[in-house]
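Visitor: Could you take me through a close look at a single part of this model, with the cut-offs spelled out?

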Amino acid sequence: MGMYREAIKKKYKEAYNFYVLALKDEPENLFYLEGKARSLFRMNYFSKSEKIFKEVIKKDDNFVAAIANLGILYDTQGNYEQAIKYYE
């Protein structure tokens with residue numbers, strides 16, 4: 001199981017690196033920004049990902065992927081009341 005987890009972590013790191021590079025070319029691209037946050041979340045950088053998800057939502061309050069993933073992040077952390085706000 002350990003090798004599998006390491007392989008998955010490596011893929012998330014690769015995805016994160018892709019989004020960082022893509023954002024250099026298109027810094028206002030919310031899909032790239034949300035992808036960066038999702039990659040950070042999957043690597044357990046919860047605080048950083050939360051900040052970016054909120055940034056995306058501030059720029060577009062109908063960005064469903066960022067809203068849902070922020071709810072999932074809070075759910076993962078056991079912050080169920082906060083998660084419900086984003087699930088609704």
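Guide: E34 lies in helix α2; helices here are DSSP runs of H or I with at least four residues, numbered from the N terminus. A word on the source: this is a predicted model, in which local features need pLDDT of at least 70, side-chain atom pairs count only at pLDDT 80 or more, and totals for chains, interfaces and linings use all residues. Residues are numbered from 1 along each chain as its sequence is written, and side-chain values use heavy atoms, leaving out hydrogens and water.

E34 counts as buried because its relative accessible area is 3%, where buried means under 20% (1.4 Å probe, protein chains only). The side chain of E34 also makes a polar contact of 2.7 Å with the side chain of R38; such a contact is a pair of N or O atoms within 3.5 Å, one able to donate a hydrogen and the other to accept it.

Neighbours within four places in sequence aside, E34 is in contact (heavy atoms within 4.5 Å) with F53, V56, F63, A65, A66 and N69. Among these, F53, V56 and A66 are, along with L33, the residues with the most contacts inside the largest nonpolar core, which has 18 residues. That core is a set of buried Ala, Val, Leu, Ile, Met, Phe, Trp, Tyr and Cys residues joined through side-chain atoms within 4.5 Å. Helices α1 (2–25), α2 (30–42), α3 (46–59) and α4 (64–76) each supply at least two of its residues, and α2 gives the largest share, 5 residues. As for L33, its contacts beyond four places in sequence are L23, I52, E55 and V56.

Note on methods: Buried means under 20% relative accessible area, exposed over 50%, partly exposed in between (1.4 Å probe, protein chains only).
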